[in-house]
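Me: I am new to this structure and would like to learn how to read it. Please take me through some features one by one.

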Protein chains: 2
Amino acid sequence: MSGEQELGITESKEHATGEWYAELVQKAGLADYAPMGGFIVTRPRGYAIWERLKNHLDGWFKQTGVQNAYFPMFIPESYLEKEKDIVEGFDPEVAWVTKGGYDELEEQLAVRPTSESIITPFLAQWTRSHRDLPIRVNQWCSVVRWEATETKPFFRTKEFLWQEGHTAHHDEEDAVEEMETRLGQYKRLYEDVLAMPVLSGRKPDHDKFPGAHTTTTVEALMPDGKSVQGGTSHYLGTSFAEAYDVTYVDEDEEVKTAHTTSWGLSWRALGALFMTHSDDQGLVLPPTLAETQVVIVPIWDEDSKDDVLAYAEDVEADLEDAGVRVELDDRDHRNPGFKYNEHELNGVPLRIEIGSYEVADDELTLVHRPDGEEITVERDNVAETVEDHLDTIFAKLYASAEETLEGEIREAESREEILGTIGQHGGYVKCGWCGDEACEEPIKDAIAAEIVMVPKDRDEEPIHDECAICGDEAEETAYFAKTY
Amino acid sequence: MSGEQELGITESKEHATGEWYAELVQKAGLADYAPMGGFIVTRPRGYAIWERLKNHLDGWFKQTGVQNAYFPMFIPESYLEKEKDIVEGFDPEVAWVTKGGYDELEEQLAVRPTSESIITPFLAQWTRSHRDLPIRVNQWCSVVRWEATETKPFFRTKEFLWQEGHTAHHDEEDAVEEMETRLGQYKRLYEDVLAMPVLSGRKPDHDKFPGAHTTTTVEALMPDGKSVQGGTSHYLGTSFAEAYDVTYVDEDEEVKTAHTTSWGLSWRALGALFMTHSDDQGLVLPPTLAETQVVIVPIWDEDSKDDVLAYAEDVEADLEDAGVRVELDDRDHRNPGFKYNEHELNGVPLRIEIGSYEVADDELTLVHRPDGEEITVERDNVAETVEDHLDTIFAKLYASAEETLEGEIREAESREEILGTIGQHGGYVKCGWCGDEACEEPIKDAIAAEIVMVPKDRDEEPIHDECAICGDEAEETAYFAKTY
Ligand SMILES: [Zn+2]
Ligand SMILES: [Zn+2]
C-alpha cells in the first residue's frame, strides 16, 4: 500500500471529474478494478464506510418493524417468467448459470437481478390470516445486472451491493405509508449521515420499476451537474400479490389480496458521497462515516520527542474514552508533511497537530479536512471541543452541498430553454409537462437529459400551464437533468 | 405464520433425529426449502441468530487486526485454472455462469466456491514492502458448491453463508500464529456464545484443504453421535503466494515470498447449535443468541387484568432498562397455554409468568426453557435476578453438551474394536494410526466413519504404539467418527 500512497491525486475534480473520480477511488484505497470488466473489489477502506452506512440504515429498519432474512442468490427461469404476466422484466440484463460441475442444468438459473420473483412466493406462503400482516423482510446482498457500459466504481458495475426490502400489507393505505417510511429513511440517511441534501419525488410513469404502481426516488446532485438516483421505494399495488397469490383471510373471513412494496438502496450512495465532498487532495468524509474521525500528528525533534509523544498519547486516551474514533500517527519513518498528505488523501475529517509549542502552552492545533481551517484550542476538555468541531465539519459539508443544490434548480418554458439551461449549467430544470413520454425524447436525444422526477403529490398544480415541449396543457411539473 | 405454529413438533429427537431436525427448522420458523433442490430460504428468526453470531465473531476479528472487504462473486475460469498448479481444486463442484443477457460469455465465470483464487492476486498487488504485512481481509458472503446430496438446512445446501478470511504474513511463524488465533476464536465462539464444547485438532494430510500446508478444525459432537466440522483454519504455506506472486521487499532489500492463511466458518454452526440444544418441544437457544431472551406471559381474568398487566409492564420496563431483550406477550386472542407452547417452540430461554398470586405476593415465577425448572423469586431487583438466571441457563446448556461429549470419546486397538465401538455408541474413537490413508478406507467402507482429526502437535506421541488397522508403527493418534 505504501507504493501507491506516495503519489497524490493528479487529476482535477473541476476540469476532469470522471478521471479525478477514478483516481480518487484507487488512490484513497476504496476500490480496485477486478479482472472481469464491470466488477470491482471493494477494499477495506471503502467497505468500512459501507458497513457504517449499513448500520445506520439497518438500525432504522429494525426500529420500524423490518426483519432481515436471506433468500437464494439464484432464481429459476420459470419463476422469473411468471413476472412476465406483469412486465417485460430483467431478461436482457440477467446472468445465467447453466452448468453445475460438469453437467448442464435442466433449468437455467438467473443470478438475482432483484428478488421480487423469489421473495413474493414466500410472502404468499407466510401470509394466511390478517394477523400475519404486515410482513416486512429485508436482505443485504449483492445483485447482478449484465449491462454493457463502462465500469465506474460504485456507480456502474455489473455486480453491486445493496439492500432490498419486500413487504406485504392489508391495503393500499398501509402499503403507501410503508413506501413513504422507507423513502423518508433514505432521505434521512443522505441528510443526517452522508451530509447531502436530496430532492425526493416520483418517477414518471414511463420510468417506474417494472410492475410498480408508484416509484418514488431520492435524487442527489453531483458536482458535475448530473443527478444520481440515490434510492427508490416502490408501491407495487396488487400486481405482484396477484401474480404470486399473496392473499389473506380478513376479520370477516373474506379472502383479500395483499398490497406489496419493495425498496432498495445500493452502494451507489457511496459513489455519490465520494463524488460530492471529495477534492483534489483526496477523499473527504463526514465524521459520521469516517473509520478514523481524528488523527493526531505529533511533531518532534530529538529533544522534544518524549514530551510531545506523552502529551499526544494523553490526548488520544481522552478522546478514546469519549468514544471518538482517534488514531495517533507516531510512525517514525514518516515526516509530518507526508502524514498530512496521507490522511488528507484518506479523508480523515479532523487533524490535531501537537508540537513543542502546543505542549508548552497547553494547547492543540486543529485542522478541518474540508476547508483546511486551522484553529488553536485549549488542551482542557479536549473531547468536548473535538466533538463540537466534528459537528462543525459535518455542518460545513452539508452547507456546501446545499448551496450547490439550491443554485442548480432552474425553470424553463420551452424546449430551447431546457436544452440551453442544462447545456450551460447542468443541474435540474423544472418545467410544465403534459405527461407524454414523447415529450422527453427530444431532450434525451439532444443532450441525454431526462425527467428524473415529478412531484410526489399527484394533485400538485404544475408550475406552468403548458408543456414546455409540445405546448399542450401541462399535467405536472417535470424535473429534467442529466444522470449517471 | 399462525397456521403452522398451531402444530408443535411431532417427531422424536431421540428416535428420528433427521426428521425431527427437518421439522424443527420449519416449525420454529428458521428456514424453508427453496424451489430449487439444495437451496433454502433463511427466515427472519433463523437469520437473526446468524446476525448475532456474526456480530460476536466479527467484533473479535476487528479487535485482532482483520478488515472486512468485498470481492466479486464470480471468478474467471482462467483464475481458477491457475490454482491447478497447486491442486485439483473445486472443478466438479462449481456452478458456471455462461450467459449474460442473450449472449454467451467469452470466458465462463465460476460462482465462487471459495475465494483464494480471486483474493490472493489482490494480496499480491497490495503487498510491496515488509511494512505492508501482515494484510488480513475477511468477507461475509455466500458461496456455492454444486454437490448432489440431500438438502439439510444449514448442514448441506448448495449455497451457504459464511465468512472467509485471507491473510498474508512475513514468515511461517506469523502465519501459523494467525491460523491459531482464528481457530481459537472459532473455539471461543462455540464455547462462549453457542454453549457447545468442541474438540480442536488437525485434519489428516489426505483431508487437508486443497493446497494447504496445515488444516486445523474445531469438531462438535451432535446428539446422534456424529461429528460436525465446525470451522477450519488453514496455514497455506507459500503455495498460493508462489502461484499468485505475493512477494515483498524485506528490510535488507531482499525479495521474499509471503506466507498466507485462510479460515472460514459457515452457517453450519447454526445447524450444530439447533441440533445440539433443541428438544421435542422445539428450539432451545442460549441467551447469548436469542432475539428474545425473556418472555413475560401475564395470566389474567376479567377482574385481575388491569393489575396483572400494569405489574407485567413494570417488570418489562425494568428489564428493558437493564438491556435485557424482553417481550411482553399481552395478546388477547391467545391463552397462556398456547403462548407457553409457542415461545417454547421458538426457543425463548426464560419465561416469566405473572398472575394474581405473583402480584399479591410481589413475586415472579420463572421457567427455564431447557429443563422446565420453575422458580419463584422476589419482584425486587428483577433485572439482576433475571441476568443470573440467564447465566444459569447458559451454564445448563453447556454442562449438558459437555457431559455428552466427555462420555463419547473412547479408545480402540483394532479395526474390529473401532467398528464395534462406533457402530454401537457413535461418538469419537481414538486409536494409534500409521498415517496411511489406506488404513482409513476399511472403516469408511464399513460404517462411513472417517478420521475427523489428529492432534495439532505433530510431535505428540500416539496413544498406542501400533496402528489399530494395519499393525505397523503408529505415527499419531487418529480420531474416528461418523460425520455430517
Ligand atoms: Zn408535452
Ligand atoms: Zn495403518
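**Reading the model**

Reply: Start with A:K99, which sits in strand β5 (residues 95–100) of chain A. Helices (H or I, at least four residues) and strands (E, at least two) are DSSP runs, numbered from the N terminus. This is a predicted model, in which local features need pLDDT of at least 70, side-chain atom pairs count only at pLDDT 80 or more, and totals for chains, interfaces and linings use all residues. Residues are numbered from 1 along each chain as its sequence is written, chains are lettered from A and ligands numbered from 1 in the order in which they are written, and side-chain values use heavy atoms, with hydrogens and water left out.

Me: Is A:K99 buried or exposed?

Reply: Buried means under 20% relative accessible area, exposed over 50%, and partly exposed in between (1.4 Å probe, protein chains only). A:K99 has a relative accessible area of 19%, so it is buried.

Me: Which residues is A:K99 in contact with, leaving aside its neighbours within four places in sequence?

Reply: Contact means heavy atoms within 4.5 Å. On that basis A:K99 touches A:E104 and A:L105, and from chain B it meets B:V94, B:A95, B:W96 and B:Q108. As for A:G427, 328 residues away along the chain, its C-alpha atom is separated from that of A:K99 by 47 Å.

Me: How many residues of helix α5 of chain A are buried?

Reply: In this helix (residues 116–126), 10 of the 11 residues are buried, so it is largely enclosed by the rest of the structure. Among the buried residues are A:I118, A:I119, A:F122, A:L123 and A:W126.

Me: How is a pair of packed helices described?

Reply: Two packed helices are described by the angle between their axes and the distance between the axes. Axes are lines fitted to C-alpha atoms, for helices over the stretch in contact, and angles run from 0 to 180 degrees between N-to-C directions. In chain A, the axes of helix α3 (residues 44–63) and helix α6 (residues 172–193) come within 11 Å and cross at roughly 145°.

Me: Is the crossing of α3(A) and α6(A) left-handed or right-handed?

Reply: A crossing is left-handed if the near helix is turned anticlockwise from the far one by less than a right angle, and right-handed if clockwise. The crossing of α3(A) and α6(A) is right-handed.

Me: Which residues of α3(A) and α6(A) meet?

Reply: From α3(A) come A:L53, A:H56, A:L57, A:W60 and A:F61, and from α6(A) come A:R182, A:Q185, A:Y186, A:R188, A:L189 and A:V193. By class, this contact of α3(A) with α6(A) has 7 nonpolar, 2 polar and 2 charged residues. Ala, Val, Leu, Ile, Met, Phe, Trp, Tyr, Cys and Pro count as nonpolar, Asp, Glu, Lys and Arg as charged, and the others, Gly among them, as polar.

Me: What are the protein donors of the zinc ion (ligand 1)?

Reply: Donors are N, O and S atoms within 2.8 Å of the metal (3.2 Å for Na, K and Ca); water is not among the atoms, so sites may look incomplete. The zinc ion (ligand 1) has the SG atoms of A:C434, A:C439, A:C467 and A:C470, lying 2.3 to 2.4 Å from it. Along the chain, these donors of ligand 1 follow the spacing C-x4-C-x27-C-x2-C. A:C434, in the loop between β21 (428–433) and α14 (441–447) of chain A, and A:C467, in the loop between β22 (449–453) and β23 (476–482), are 33 residues apart, and the pair links distant parts of the chain. Both A:C434 and A:C467 are buried.

Me: Why is the arrangement around the zinc ion (ligand 2) called tetrahedral?

Reply: Four donors count as tetrahedral if all angles lie between 85 and 135 degrees; four count as square planar and six as octahedral if opposite donors are over 155 degrees apart and all others between 65 and 115; anything else is irregular. The 4 donor atoms around ligand 2 subtend angles of 104 to 115°, so the arrangement is tetrahedral. The zinc ion (ligand 2) is coordinated at 2.3 Å by the SG atoms of B:C434, B:C439, B:C467 and B:C470.

Me: Where is there a cis peptide bond in chain A?

Reply: A cis peptide bond joins A:L133 and A:P134, with omega about -5°. A:P134 is in the loop between α5 and β7 (135–144) of chain A.

Me: Which residue other than glycine has a positive phi near 70°?

Reply: B:F154 has this value, and its place is the loop between β7 and β8 (159–169) of chain B. B:F154 counts as buried, at 1% relative accessibility.
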